[in-house]
Amino acid sequence: MEKVMAHTEDRLQPNLKKYSNTDINNLNASYNAMVDANNQLIEEVYEKELLRTQAEIKALQAQVNPHFIINALESLYWVMIQNGDLKNAEVLLSLARLFQYILKGKDWISLDEELHFIEQYLQIEKFRFGHKLSWNYEVNEMLKEIKIPKLFIHPLVENAVKYAVETTTKNVEIHIEIKGTPTDYQVIVSDNGNGIPPETMQKILLSFKEKNPVGSVSSSYGLANLYKRIQLYYGKNSSLTITTVPQFPGTQVKMRIQI
């Protein structure tokens with residue numbers, strides 16, 4: 001046991017030997033349990049620190065005069081208003097508000113702020129898809145002021161646009177439901193699209209099991225990054241589940257947060 005402890009480097013090493021003495025075996029079992037718990041804690045702290053560092057890098061990159069973009073969009077907005085191009089002007093204004101939200105320095109925002117961001121995002125997609133896209137909300141008012149990580153609910157809505165609206169010619173409605181209490185709530189985003197293809201669904205579910213840090217895990221699947229963020233911020237009691245049946249159109253993605 002002493003030799004195993006002495007060879008510890010960046011991670012604690014378990015001692016796999018068995019001893020004839022029962023007390024020593026019990027002590028060794030306790031040591032191995034402590035090793036497992038400590039290594040898991042080290043991994044969680046490392047990933048949270050890596051996430052914070054990546055967020056800081058992105059914030060620094062975004063500081064390359066981001067207000068120039070917002071000011072340019074707002075200038076174009078007023079030009080379009082003066083020229084009577086009200087439809088395109090509203091799209092530009094929504095885009096400017098999206099940039100403002102993304103570039104905010106805060107990592108945690110109110111759920112209500114996130115919903116406003118989603119509304120701007122959907123308005124832009126509405127310009128793209130027209131009457132083909134519609135949406136509605138069912139939100140418990142008492143939850144609107146709870147704090148959540150920025151861009152926490154948006155991936156669920158973006159997923160619905162990607163796998164429902166983009167993949168069919170029929171009209172698609174996205175339903176956003178948020179219910180529960182501030183310490184135990186659910187965010188459910190459902191659509192009446194064609195469902196996620198089985199092979200794509202399998203890849204998404206497999207991506208949930210990847211051990212890569214947030215930001216590098218399955219860049220093609222935003223839900224994989226969201227799953228990792230849920231585990232980091234809220235632990236194992238919180239979850240992300242997907243229900244989709246292509247034969248009976250529709251997909252439902254449910255995020256449950258327990259604090």
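Is Leu151 buried, partly exposed or exposed? In this predicted model, local features rest on residues with pLDDT of at least 70 and side-chain atom pairs on pLDDT 80 or more, while totals for chains, interfaces and linings use all residues. Residues are numbered from 1 along each chain as its sequence is written, and side-chain values use heavy atoms, with hydrogens and water left out. Leu151 is partly exposed, with a relative accessible area of 26%; buried denotes under 20% relative accessible area, exposed over 50%, and partly exposed the range in between (1.4 Å probe, protein chains only). Leu151 lies in the loop between β3 (147–149) and α6. Its phi is positive, at about 60 degrees, although Leu151 is not a glycine. Most residues other than glycine have a negative phi.

The protein chain has 8 helices and 7 strands. Helices (H or I, at least four residues) and strands (E, at least two) are DSSP runs, numbered from the N terminus. Of the 259 residues in the protein chain, 38% are buried. A contact is defined by heavy atoms within 4.5 Å. Among contacts between residues at least 6 apart in sequence, 62% join residues at least 24 apart.

Five strands form an open sheet in the order β2-β4-β5-β7-β6, with mixed pairing. Because β2 (133–139) and β6 stand at the edges with a single partner strand each, one side of each is left without a neighbour in the sheet. On average, neighbouring strands of this sheet are turned by 10 degrees against each other, direction ignored. Strands of a sheet pair through backbone hydrogen bonds, either parallel or antiparallel. Two strands are counted as paired if DSSP finds at least two bridges between them.

Val139 stands opposite Ile178 in β4. Strands β4 and β5 are antiparallel and share 8 bridges; they form a hairpin with 2 residues between them. His175 has Ser190 as its bridge partner in β5. Strand β5 (residues 184–191) also pairs with β7 in the antiparallel sense, over 8 bridges, and here the bridge partner of Ser190 in β7 is Gln252. Gln252 also stands opposite Thr243, within the pairing of β6 with strand β7 (residues 251–258), where 6 bridges join antiparallel strands.

In a regular strand the side chains alternate between the two faces of the sheet. Strand β6 (residues 239–244) has Leu240, Ile242 and Thr244 on a covered face, whereas Ser239, Thr241 and Thr243 form an uncovered one.

Two packed helices are described by the angle between their axes and the distance between the axes. Axes are lines fitted to C-alpha atoms, for helices over the stretch in contact, and angles run from 0 to 180 degrees between N-to-C directions. Helix α4 (residues 86–102) packs against helix α5 (residues 111–129) at an angle of about 145 degrees, with the axes 9 Å apart. The crossing of α4 with α5 is left-handed; this term applies if the near helix is turned anticlockwise from the far one by less than a right angle, and right-handed if clockwise. The contact of α4 with α5 comprises 9 nonpolar, 4 polar and 4 charged residues. In this classification, Ala, Val, Leu, Ile, Met, Phe, Trp, Tyr, Cys and Pro count as nonpolar, Asp, Glu, Lys and Arg as charged, and the others, Gly among them, as polar.

The axes of α5 and α6 come within 10 Å and cross at roughly 20 degrees. Helix α5 is therefore roughly parallel to α6; angles under 35 degrees count as roughly parallel, over 145 as roughly antiparallel, 65 to 115 as roughly perpendicular and the rest as oblique. The crossing of α5 with α6 is right-handed. Residues of α5 in this contact include Phe117 and Tyr121, and those of α6 include Val157 and Val161.

Helix α6 (residues 154–165) also approaches helix α8 (residues 222–234), their axes coming within 9 Å and crossing at roughly 160 degrees. This angle makes α6 roughly antiparallel to α8. Pro155, Leu156 and Asn159 of α6 meet Gly222, Leu223 and Leu226 of α8, a set of 4 nonpolar, 2 polar and no charged residues.

Ile204 is placed in helix α7 (residues 198–207) and is buried, with a relative accessible area of 1%. The C-alpha atoms of Ile204 and Ala224 are separated by 6.8 Å, although the two residues lie 20 residues apart along the chain.
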